[in-house]
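Here is a set of questions and answers on one structure. Look it over before reading on.

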Amino acid sequence: MSYAGHAFIAIGLFFLVVSGLGVLRMPDVFNRLQAGTKASTLGFLGVLIGAGFFRPMWIPRLLILAVFLLSTAPLAAHALARAVHSRRGDA
């Protein structure tokens, strides 16, 4: 169990680091939003799954966090992308 928990947390941390690098390296706002949202969502899910292996009693709370993350991260990225797109239309 411990090895699986460590593996999921390591995968999650890898995606979080790649997400941070993607935000720094991408050329425009829309690519940065995509890199930040997709990779960080997958990274946080990996960390949550890894935490579930270490603390099985936390699994219901972790599921609530995962549902919240999966429902709010894409909506926030979409709202930011629409705001940037509409703002660029004014200029």
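This is a predicted model: local features need pLDDT of at least 70, side-chain atom pairs count only at pLDDT 80 or more; totals for chains, interfaces and linings use all residues.

Residues are numbered from 1 along each chain as its sequence is written, and side-chain values use heavy atoms, with hydrogens and water left out.

Q: How many aromatic pairs are there?
A: Rings of Phe, Tyr and Trp (its six-membered ring) pair if their centres lie within 6.5 Å; planes under 30 degrees apart count as stacked, over 60 as edge-to-face and the rest as tilted. By this rule the count is two.

Q: Are the rings of Phe8 and Phe53 stacked or edge-to-face?
A: Their centres lie 5.5 Å apart. Their planes meet at 15°, so the pair is stacked.

Q: Which helices does this pair link?
A: Helices here are DSSP runs (H or I, at least four residues), numbered from the N terminus. Phe8 and Phe53 are 45 residues apart, so the pair links distant parts of the chain. Phe8 is in helix α1, and Phe53 is in helix α2 (residues 29-54).

Q: What is the angle between the planes of Phe14 and Phe15?
A: These two rings form an edge-to-face pair, 5.6 Å centre to centre. The angle between the planes is 70°.

Q: Is Phe14 buried or exposed?
A: Buried means under 20% relative accessible area, exposed over 50%, and partly exposed in between (1.4 Å probe, protein chains only). Phe14 has a relative accessible area of 51%, so Phe14 is exposed.

Q: Is Thr37 buried or exposed?
A: Thr37 lies in helix α2. Its relative accessibility is 13%, so Thr37 counts as buried.

Q: Over the ring of which residue does the charged end of Arg55 sit?
A: A charge sits over a ring if NZ of Lys or CZ of Arg is within 6 Å of the ring centre and within 35 degrees of the ring normal. The charged end of Arg55 is 5.8 Å from the ring centre. The ring is that of Trp58.

Q: How far apart in space are Ala4 and Met26?
A: In sequence, Ala4 and Met26 are 22 residues apart. In space, C-alpha to C-alpha, they are 32 Å apart.

Notes. Helices (H or I, at least four residues) and strands (E, at least two) are DSSP runs, numbered from the N terminus.
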